[in-house]
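Subject: The structure I promised you

Hi,

Here is the structure we talked about, so please open it next to this email.

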Amino acid sequence: MTEFAQLSLHVPEPAVRPGGQPDFSNVKIAKAGAVPRPEVDVAPEDIRDLAYSIIRVLNRDGEAVGPWSGMLSDEALRAGLRHMMKLRAFDARMLMAQRQGKTSFYMQHLGEEAVSCAFRKALRAGDMNFPTYRQAGLLIADDYPMVEMMNQIFSNERDPLHGRQLPIMYSSKEHGFFTVSGNLATQYVQAVGWAMASAIKNDERIAAGWIGDGSTAESDFHSALVFASTYKAPVILNIVNNQWAISTFQGIARGGSGTFAARGLGFGIPALRVDGNDYLAVYAVACWAAERARRNLGPTLIEYVTYRVGAHSTSDDPSAYRPKTESEAWPLGDPVLRLKKHLIVKGVWSEERHTQAEAEIMDEVIEAQKEAEHHGTLHAGGRPSVRDIFEGVYAEMPPHLRRQRQKAGY
């Protein structure tokens, strides 16, 4: 009988620990403009390579090159830059507000602004996003009022959700933003179901599901892919690979698939990887996937390769699990600075205009914050009104509660 060595469990570990030298040599980056742009109706098996490469448009010199370029006007690019700058300024003020005790917690987007801001511009009115807590750019880029977002963050008397959601878990049907769930993977299943319903009704609207790299380990992720593939749902399945889940590196959830995009191949779903810090590339790939869905060609899986510069949330300390200088070593740069450089290279932006825009945007954010704070914060000791307690809780209010309501004068 053949003798074997004792079994041992394999537990993936990050290449570098806190105090070590950051190393991204495992991130294979294609040359900007090198990845081909296939026809929208291409067969999934004919573009398997796209699940292992990275689609890029902006090169190191700030030039837009290759078959995925040329889709945005100068005006649209300037608007995109301002959207990302606004999201970054919004984050900075809300992070400060949390430190001042004005809200319980906050989750910022630092380093990931291009993903949601650019993606939103590829959608139409009526399309529905099923986001995670790091896609506020979908609202910012669709001109959703910042003061409404802050009202919810502060849970004040004008909170559009009346205190029934956590801060930063926004919701707006009008802006195609389905309410955020803390159980992230459930958004994928709901996105596919919504898309299937749209197809059943012979509608024209499409859906977009969002998930982080860590949550792809959940069963809901795989269930969503089964249904999307089987019924060719008109849905875009987005994976934001920012290298870290709440405190574990991506290798835990990725397993042996090589890339997150490759997960789609086994389901017969077209899978692409894109430089998540390249506004132009994100927009181009999102448009490709959206057209595919609208032409009734089924789902597309997109992996955005980006980096979470900040902490997972205000309750997290990333220095406990990754080198402090790791964000500086990230090879795909800063999305705001890259688009800024591109616009300057094109001659339609300048350092002076950028400085002026930063000041204007920060003034706008501060003004919205003043308005939101004027209406008080429940976290600072206020109490919800009797109306807020009863409204929207019961389909038909029980008699004893109806009497209590009447006694309270409501």
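Which residue stands opposite Ile236 in strand 3? Ala208 does.

Before going on, a word on how to read this. The model is predicted, so local features need pLDDT of at least 70 and side-chain atom pairs count only at pLDDT 80 or more, while totals for chains, interfaces and linings use all residues. Residues are numbered from 1 along each chain as its sequence is written, and side-chain values use heavy atoms, with hydrogens and water left out.

**The sheet**

Five strands form an open sheet in the order 1-2-3-5-4, and the pairing is parallel. Strands here are DSSP runs of E with at least two residues, helices are runs of H or I with at least four residues, and both are numbered from the N terminus. Two strands count as paired if DSSP finds at least two bridges between them. In general, strands of a sheet pair through backbone hydrogen bonds, either parallel or antiparallel.

At the edges sit strand 1 (128–130) and strand 4 (271–275), each of which pairs on one side only. From one strand to the next, the twist averages 20°. For such angles, axes are lines fitted to C-alpha atoms (for helices, over the stretch in contact), and the angle runs from 0 to 180 degrees between N-to-C directions.

Now for strand 3 (residues 235–241). Is it mostly covered or uncovered? Mostly covered: seven of its seven residues are buried. Buried means under 20% relative accessible area, exposed means over 50%, and partly exposed is in between (1.4 Å probe, protein chains only). You can check both faces: Val235, Leu237, Ile239 and Asn241 are buried on one side, and Ile236, Asn238 and Val240 on the other.

With strand 2 (residues 207–212), strand 3 pairs in the parallel sense over six bridges. To get from strand 2 to strand 3, the chain passes through helix 6 (residues 219–231), and this β-α-β crossover is right-handed. Right-handed means that, with the strands pointing away from you, the path from the first strand over the helix to the second runs clockwise. Six bridges also join strand 3 to strand 5 (residues 300–305), and these two run parallel. Look for Asn241, which stands opposite Val305 in strand 5.

Strand 4 is mostly covered too, with five of its five residues buried. Ala271, Arg273 and Asp275 are on one side, and Leu272 and Val274 are on the other. Strand 4 and strand 5 run parallel and are joined by five bridges. Two bridge partners to find in strand 5 are Tyr304 for Val274 and Glu303 for Arg273. Together with helix 8 (residues 279–294), strand 4 and strand 5 make a right-handed β-α-β unit.

**The cavity**

Rolling a probe the size of a water molecule over the atoms shows where empty space is left.

The lining consists of Glu112, Val115, Ser116, Arg134, Gln135 and Val240. These divide into two nonpolar, two polar and two charged. Here Ala, Val, Leu, Ile, Met, Phe, Trp, Tyr, Cys and Pro count as nonpolar, Asp, Glu, Lys and Arg as charged, and the others, Gly among them, as polar.

**A few single residues**

Most residues other than glycine have a negative phi. His162 is not a glycine, yet has a positive phi of about 55°. His162 is in the loop between helix 4 and helix 5 and is partly exposed at 33% relative accessible area. Lys232 is another non-glycine with a positive phi, about 50°, and lies in the loop between helix 6 and strand 3.

Also in the loop between helix 4 (146–154) and helix 5 (186–200) is Leu166, partly exposed at 43%. Glu174 is in that loop as well, and at 70% relative accessibility Glu174 counts as exposed.

Happy browsing!

Conventions:
On a 1 Å grid over the protein atoms alone, a cavity is a set of points where a 1.4 Å probe fits but cannot get out, and a pocket is an open set with protein on both sides within 12 Å along at least five of seven lines; lining residues have an atom within 4 Å of a point.
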